Amino acid sequence: IDSLLFSYSSLLTDCTGYSILSSLQDLPSPPWPALRSKMEKHLQVIAVLQWVISFLAMGISCTVLLLYMFCTDLWVIAAMYTTWLIFDWNTPKQGGRRSSWVRNWTVWTYFRDYFPIRLIKTHNLLPSRNYIFGYHPHGIFSFGAFCNFGTEATGFSKKFPGIKPSLATLAGNFRMPILRDYLMSGGICPVNRNSIDYLLSQNGTGNAVVIVVGGAAESLDCAPGMNSVTLNNRKGFVRLALQQGSDLVPVYSFGENNVYKQVIFEEGTWCRLAQKRLQKILGFAPCLFHGCGLFSDSWGMVPYNKPITTIVGEPITVPKVEEPTRDMVELYHAMYIKSLRSLFDKYKTRFGLKESDILHIQ
């Protein structure tokens, strides 16, 4: 029997001394991991691109489609939707209509992982208080603001239990059919007085309204490597915080300005003047920017996959004063600027900046 076993083992050995088992181990591994990684990358690109296209074109496209339907046999459907739209017109200003299902879509995890985007908590927030988050900088599309506060991709509800974020954006977006519902489903609200007042005074406690303080004007100055925010003359959010007794929370996103390259025109040039004039008319700044192409390194609308890290700072306790004086607004505005600078300086070296880099506030 021993001789038979020896002969059988000899048959399983080739002329080089390697067994069949060893030979099988030397074979190349199947390409599935690489294929899966490549597929995930494509899904990440699609997830980001669908948001960019939705933000830029969904409102106009759906408006044109609704008007066209009135000229077809589908006019009844268009009339029914328009009737409902009129009936539902004030919903965005009254807390909106958020959907936990939409906020937890898997597409947002692909969106998050493309850059990637991270949310870092530095202090606890009390559910018994309301808050106004000041988000900086604006960037081109405020990807960090949307991903962190308009979805649950970075786990906001787990990191800040009992706090419900509402990202404020242009009120004009909520006049567009379909787009308004899409935005509201993520907990996004119009950045106007009525909407914010409702959330902070008639919606209980544990609300956090996220305002991109620099707005469209700030987007004209965003470019890779720039650390500049528009804040010196932005004091309305501080006055609002005092009137509602809502705490102020500075928020800074490192990397927000790095995902697109932009041509920045100098102050006083006719191009800059044209941008500012169109900004006042349209409500948003017509930036001349570009990213990369779809699945390639060419120019296109897809942002560069640069990391974005959003830091939520320490809340500034604000008293409730129905008629705050100018000096009081100035005081808390100065406190906010100091807190934002401190937040930037504390974390800048951890995210690729030098110790000598400073935050420019204009």
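Guide: In this predicted model, a residue is called buried when its relative accessible area is under 20%.

Visitor: Why does Cys62 count as buried?

Guide: The relative accessibility of Cys62 is 17%, and the limit for a buried residue is under 20%, so Cys62 counts as buried.

Visitor: What makes Cys292 buried?

Guide: Cys292 has a relative accessible area of 11%, which is again set against the limit of under 20%, and therefore Cys292 is buried as well.

Visitor: How do you know that the sulfur of Cys62 is too far from the closest cysteine sulfur for a bond?

Guide: A disulfide requires two cysteine sulfur atoms within 2.5 Å, whereas the sulfur of Cys62 lies 17 Å from the closest cysteine sulfur, which belongs to Cys71, so this pair is too far apart for a bond.

Visitor: Why is Thr310 called buried, and where is its place?

Guide: Thr310 sits in strand E11, which covers residues 308-312, and its relative accessible area is 0%; since buried means under 20%, Thr310 is buried. Leaving aside residues up to four places away in sequence, Thr310 touches several residues, among them Arg118, Tyr135, Phe149 and Tyr252.

Visitor: What makes E3 and E5 paired strands, and in which direction do they run?

Guide: Two strands pair if there are at least two bridges between them, and 5 bridges join E3 (residues 164-169) to E5 (residues 207-212), so the two strands pair. They run parallel, and Leu167 stands opposite Val210 in E5.

Visitor: How do you know that E3 also pairs with E4?

Guide: Here 2 bridges join E3 to E4, residues 189-190, and because at least two are needed, this count meets the requirement. These strands also run parallel, with Ala168 opposite Cys189 in E4. From E3 the chain crosses through helix H9, residues 179-185, to E4 in a right-handed β-α-β crossover.

Visitor: What makes E3 mostly covered?

Guide: Of the 6 residues in E3, 5 are buried, each having a relative accessible area under 20%, and the strand is therefore described as mostly covered.

Methods:
Residues are numbered from 1 along each chain as its sequence is written. This is a predicted model: local features need pLDDT of at least 70, side-chain atom pairs count only at pLDDT 80 or more; totals for chains, interfaces and linings use all residues. Side-chain values use heavy atoms; hydrogens and water are left out. Buried means under 20% relative accessible area, exposed over 50%, partly exposed in between (1.4 Å probe, protein chains only). Helices (H or I, at least four residues) and strands (E, at least two) are DSSP runs, numbered from the N terminus. A crossover is right-handed if, with the strands pointing away from the viewer, the path from the first strand over the helix to the second runs clockwise. Contact means heavy atoms within 4.5 Å.
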